[in-house]
Amino acid sequence: MDNEGSVLFSQVWNVLVPARAAYLDSVSPHYDEIFWEVAQRVERTGSLGKAEIAALVVWKRLSAQTRWVTALMSMPDSEVRVITEQAVASVRDPELSRGEAARAGRGAISELPGFVKGDALASAILTSAAPMRMAVYDRRVQRAIDSLGLTLTDHPGRYGRYMDLLDTLLEHDGGAADDWTARDVDVALYWAGKNPQ
């Protein structure tokens, strides 16, 4: 890596480490309980149903008063589970890199109403399926990525590129985040994007 890249990564980690610490200090330790409950259900069942998706909508603080929710709720839960089962298998596939797994999972989940575009809820679903491997993406994360001078475009395949970016960040942490998961990085990015410097 050239000196310019090294300086950039150092600057990024100088923001992310305190951002994650601030998040942990500021947010109730109970906030993510619903996320972990969904993750445990997915671990047992290998899929998500409408109830788990609804729980993640609340966790992400999204509106359920949209057409896609009506379309999703009109589907049989068994059909939703068939689709999400493929997404779960994809993000857990050890033969795939994190980015490849994210792309495959995101492609599978796009068969559900409301999941063709936008990665916020889709990434929450995929992260609940592999919480130690995947990470959540949203507009605050994008805001932090942009403000840190990193690049992540909104072209198709963004979620896979996001996972590739997190891999690059973790690879070049300079010892600042040796025990961090991709989820730890997304929490830091979320907090940095919510509370710009």
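**Charged side chains**

Mentor: This is a predicted model. R81 counts as partly exposed, at 24% relative accessibility.

Trainee: How far from K50 is the nearest side chain of opposite charge?

Mentor: K50 lies in helix α3 and its side chain reaches the backbone oxygen of M73 at 3.0 Å. A salt bridge needs a nitrogen and a carboxyl oxygen within 4 Å. K50 is buried without a salt bridge, and the distance to the nearest opposite charge, D77, is 5.2 Å.

Trainee: How many residues apart in sequence are D164 and R103?

Mentor: D164 forms a salt bridge with R103, with the closest N and O atoms 3.2 Å apart. D164 lies in helix α9 and R103 in helix α6, so the pair ties together parts whose separation in sequence is 61 residues.

Trainee: Is R158 buried or exposed?

Mentor: The side chain of R158 meets that of D119 in a salt bridge, 2.8 Å from N to O. The pair links helix α9 to the loop between α6 and α7, 39 residues apart. The cut-off for buried is under 20% relative accessible area. Because its relative accessibility is 16%, R158 counts as buried.

Key. Residues are numbered from 1 along each chain as its sequence is written. This is a predicted model: local features need pLDDT of at least 70, side-chain atom pairs count only at pLDDT 80 or more; totals for chains, interfaces and linings use all residues. Side-chain values use heavy atoms; hydrogens and water are left out. Helices (H or I, at least four residues) and strands (E, at least two) are DSSP runs, numbered from the N terminus. Buried means under 20% relative accessible area, exposed over 50%, partly exposed in between (1.4 Å probe, protein chains only). Lys and Arg count as positive and Asp and Glu as negative; His and the chain ends are not counted. A polar contact is a pair of N or O atoms within 3.5 Å; within protein, one must be able to donate a hydrogen and the other to accept it, and residues adjacent in sequence count only if both atoms are side-chain atoms.
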